[in-house]
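Work through the exercises below with the sequence and the model side by side. Try each task before reading its solution.

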Amino acid sequence: MQAVVIYESMFGNTREIAERVAEALAPRLDVTVEEVGHAPRSLDEDVGLVVLGGPTRALGSTRRSAGTSSATDPLASLGTGLRGWLDGFVAAGVPRFATFDTRLDRPRLPGSAAEAAAARLCELGFGLVAEPETFWVRNTVGPLCPDEADRARQWGDSLARTATLPADDATVGAR
């Protein structure tokens with residue numbers, strides 16, 4: 001089964017989580033990692049799992065268009081944002097999804113890009129293989145809080161095990 005991890009990142013924190021998740025998926029699935037601006041808008045039927053991640057901004061979902069030239073990370077997402085990608089998404093098959101976000105650990109503000117993406121995916125009729133997951137960042141530009149990279153690997157391993165189950169056993173359901 002093929003898997004794709006698609007992320008939006010401004011300061012590299014979400015990209016790091018995406019890479020750790022992909023590392024954990026790789027022993028069981030044929031996985032690729034795509035920055036959202038370069039991710040294909042349509043996926044062929046061989047893709048069975050899509051993991052979407054982005055930073056939580058403005059108390060929820062990421063933007064339709066990603067960063068600006070003021071982003072400090074040279075690999076920051078600068079084109080299409082995660083919301084914009086979802087608006088134009090088409091799937092040949094029926095992949096299962098998982099979503100994650102990165103958020104500041106202080107203060108614990110409401111809102112979640114992972115929850116917003118999961119809700120949109122359920123509206124589109126796709127199943128989720130896990131509840132949306134949040135990974136904590138020390139401050140706006142990072143770094144990740146201690147143990148978050150390891151926790152991302154553990155979550156990715158759990159996704160890999162769940163994604164290989166029959167669809168009825170692996171779907172969390174609608175939001």
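**Exercise 1.** Determine how many residues of strand 6 are buried.

*Solution.* Start with the ground rules. This is a predicted model, where local features need pLDDT of at least 70, side-chain atom pairs count only at pLDDT 80 or more, and totals for chains, interfaces and linings use all residues. Residues are numbered from 1 along each chain as its sequence is written, and side-chain values use heavy atoms, without hydrogens and water.

Strands are DSSP runs of E, at least two residues, and helices are runs of H or I, at least four, numbered from the N terminus. Buried means under 20% relative accessible area, with a 1.4 Å probe and protein chains only. Now count: eight of the nine residues in strand 6 are buried.

**Exercise 2.** Find which strands pair with strand 6.

*Solution.* Pairing requires at least two DSSP bridges between two strands. Strand 4 runs parallel to strand 6, joined by seven bridges. Here Val50 sits opposite Phe97. Strand 7 also pairs with strand 6 in parallel, over five bridges. Here Phe100 has Glu133 as its bridge partner.

**Exercise 3.** Trace the contacts of Leu159 in the largest nonpolar core.

*Solution.* A nonpolar core joins buried Ala, Val, Leu, Ile, Met, Phe, Trp, Tyr and Cys residues through side-chain atoms within 4.5 Å. The largest one has 24 residues, and Leu159 is among those with the most contacts inside it. Elements giving two or more residues include strand 4, strand 6 and helix 4 (148–163). Contact means heavy atoms within 4.5 Å. Leaving out residues up to four places away in sequence, Leu159 touches Val21, Leu25, Leu49, Val51, Ala98, Val129 and Ala130.

Notes:
Buried < 20%, exposed > 50% of the residue type's maximum accessible area, 1.4 Å probe, protein only.
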